[in-house]
Structure formats: C-alpha cells, structure tokens
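Student: Could you walk me through this structure before I get lost in it?
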Amino acid sequence: MDADLLSDTFVELADTMVADFDVIDFLHMLTDRSVMLLSASAAGVVLADPRGELRVAASSNEAAGLLELFQIQNDQGPCLDCYRTGRPVTATDLSDQDQRWPRFAAAATRYGFRTVEALPMRLREQVIGALNLFRAVPGRFDPADLRLGQALADVATIGLLHERNVRRSETVAEQLQAALNSRVVIEQAKGKLAERLSLDMDHAFVMLRDYARNSNQRLTDVARNFVTSATADFPPLPRTPA
Amino acid sequence: MWYQLAAHAAAAGTRVSLADVCGVAAGSAQLSGGWVAASRNEEPDFVMCATDPVCERLAELQLTLAEGPCHDVLVSAAPVLAADLDDAEFSHRWPAFTPEARERGAAAVFAFPLIFGAIRAGVMGLYRRTAGPLREGQFGDLLILADIATMLLLGSLGDGAVTDPDGDGSWLDGQAPDLALHRAEIDQATGMLTVQLGVPVAEAFARLRAYAYSQDRRLADVASEIVARRLRLDPDPVPDGGP
C-alpha cells in the first residue's frame, strides 16, 4: 500500500470535512480513495434508511451493473448481513453457485466480481450503513487492508455527522435523511445534465463535481440550482448570493 | 402503511387524501395531532389539512414568526425531531416559536419536509402533548407517510389532468407502493425529462408517473428505459428509433 497515497487521502478527507462540507462529495471521494488504497475494483457506501432500505449514498463508478448490485442487497447479500450483525462480512471466491446469496452472487459474478467485503459503519450501538468493496480476483483481503478499510468506514461515519457535537440522538437520524435527500438532488442533476449534453451518468457527475470545486460551491447546492433553473445551460451563469 | 391509509379513507367513503395521511400519522405514532402545509415560494404557507386547532395554530405561528421546525426542514431538507421543546437547544433555535408552542400545549414537535430531491411540495408537522422521542419504527412509518403526502400534494397542485388522469385519485393506488424501494434511475429520469419535455422538475416527475400509469407499468421500469435511452418522452412518446 502506497504510504504517500494514504497520507494524501487523509489530508484530502480532512480538508473536505472542514471547508464548505458536502456530504455526498465527501462520501464519493471516500469510495474513490478506497478503491485505490485497497486495490479494489469498485466501492460504495450504503446507508440504512428507516423506511426499510439500504440506499446507495456514493459509488466509485456509476455503471448500472454496480448500482444493481447495491439494489439487490436489500434482499440478500453482504451489506444486508453486515447491517444486521454489525460485523464485517466477506466472500472471497464468489461463484454463481453461492448458497448464501444466490441472486447477489449470480449478479456479482456476471459483472466480473469475485471477492466482496462489507464493513460496518457504526455509531456507538447503531449500525448506520456499510462500506462495500468489490474485487475482480478471488482471494482474501489482507488484514492490513481490512483494518484500513474499517478505518475508512469509520471516517465515513464521522464525516456524515458533520456536527461535532452530536448531543441529541435524533441528530443522527436527521443528518442521514439530509444526506439521502442530497443524493436525490444530485441524481436529478445528473439526469438533466446527461440529457442536455448527451453524456453518461458518470461523466455528468464528474462535471457537476468539478464545477462545484472550481467555483467554490457545495456540490448539492450546484445540483439543486441546476435542477431548478429554467434553463439547462451548463456551466450556469454566475448567481448573485441571496 | 398503505393499507392503513386505504382503510382510513374507506371508513370515510373517500379516496386516500391528505386528511387521511395526517390522521394516520398522528395515530400511528401516538401523537396528538398533525398537519400538512403546501409550500409555494420556499415557505410552508398554505395549510392543506390539520387534525385539530392546536395544529392550525402551530402552523400559523411558524408562518408569522418565520421560524420553527417547519421552517427549518425546508432549509435543511431534513426532518426536525424536537422530542422535548424544553431542551435548551430549541429555545435557542426558535426563541419566539418555542414558548408559544409550549403555551398551546405542544411538548414535542416533529416536522418532515415533503420533498423529492429538488422537488418541494411542503411540510408535514406533528405534535405531542407529552415530551419524548419517536420509537424507531415510528420514524420509518412517518417518512413513508411523508412520501405519500408529497405525492398527494404534487397531484393537487398544478396540472391535475396530468397527474390524476381519471380525476379520482386512483392513480395513487398503483403508484405509492411503487416508491417503496427507492431507485436512482427514477431521479435521473426525472432530470432527463426536464430537458426532453422542457418543463420544471415537479412537472417532469408528474409526467413520468402519468406515463407509467397510462402504460400500466412500474415507475422504476419506465425510468430504467428512459435512462438507458430506449425510451424518450416527447410530446408524442415513442420508443427511440420511432418515426
């Protein structure tokens, strides 16, 4: 594991948490870095919605196949088991004969994944979601990678609760809903931009994110302004603050 | 949850309405009352229904004072769960609203934004005469009811013909359960339709639902087709590659 990449990652995450914090941007960066640091093929963060679902908050890439794999895990799969038990869940050699999670394993192997890990995002006694990692080759993650993976999952939890002083227990529930709604706004913006410029969803996300960073705005604010704008021009004309 | 609403409405001999949502919401979480206010310009300014006069007063108060949990939820796009109004945080946050609310008998107030991403329809407010948090299952139920209230509000504002093609609310029966499992593609397709149809986002979502209803298809399936660019909704919807 690259020590420079590791320290750069933590500096970057810390920077994001301080200035103009956007929770979805933060979680997306975390999934990106998780892939690099842990030699994974893909990563995602799912959050438990009290409506009764595990919902994707961020994903290292937007390929339909990967999103489908998160979707299936509402019924079966490592994320669901991880969420229910609060413990890491591993499968090191997925095959389409898997007995534990037949539908999930069939879909995962079809998309080229052979190893999967789900690491719990825990806050005191509560499991609020999971960091899900995928690899194309079979075989265990080594213990150092798993410790780092769990640390990244813990950082994701801390980042979500960007209020330092979580006094009321309801604050967690409120912040999770804010994050989930931000995600919806960003998906709506991706759709509008993808249609306007004939892009795929992944590319549309990158454009929104890069524009937000370059103009010093929060990703969610850029997304909301774009979705509610009467035009589909992008980049948008500068707005004067309200 | 859907069946509770249908039963509540059937008992009154009507289709499911906002009044049913308020009634079931207050009853399901042992609360004292609930209300829904529609929001036009970022303020929850039009009370659509309320289960008792205390609710009406709490809703009015927040509008006049321009502060309070219903006001906050539209800013933060997150629920506000004020389980105990005597908590110092709330008199600090809402210095004018909190003492007035206490005087009216509200010890706890729970507010939910009625939104789907950038689509904003209003707020749902609930109060209880005694302080105390929601139990975990109750919070989930109220979130689901908030989604249904959002759909009802979106159907009642704007072009009723688009969102309620048979004019009797029956479209909701097929569609509320459709939102049970959230799909990113529904949100993406909504965004795409703002461009394809040249309409604001709330109407784009309404047109998406109306199309799915008219084709007797699941909302998520129609959304997938649109995102995969196998289906466009132009004024005359045709599959891609049509004449």
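This is a predicted model: local features need pLDDT of at least 70, side-chain atom pairs count only at pLDDT 80 or more; totals for chains, interfaces and linings use all residues.

Student: What domains does chain A have?
Tutor: The assignment, which is automatic or from a database, gives domain 1 (3–166) and domain 2 (180–228) in chain A. Taken over C-alpha atoms, the centres of domain 1 and domain 2 of chain A are 22 Å apart.

Student: And how many residues are in contact there?
Tutor: In chain A, 11 residues of domain 1 are in contact with 12 residues of domain 2, where contact means C-beta atoms, placed from the backbone, within 7 Å.

Student: Which element gives the most on the domain 1 side?
Tutor: On the side of domain 1 of chain A that touches domain 2, α2(A) gives the most, with three residues; helices (H or I, at least four residues) and strands (E, at least two) are DSSP runs, numbered from the N terminus.

Student: Switching topic, what about the two chains?
Tutor: Their contact takes 31 residues from chain A and 30 residues from chain B. On the side of chain A that touches chain B, the elements giving two or more residues are β2, α7 (170–197) and α9 (219–228) of chain A, and α7(A) gives the most, with 18 residues.

Technical notes. Residues are numbered from 1 along each chain as its sequence is written. Chains are lettered from A and ligands numbered from 1 in the order in which they are written. Two residues are in contact if their C-beta atoms, placed from the backbone, lie within 7 Å.
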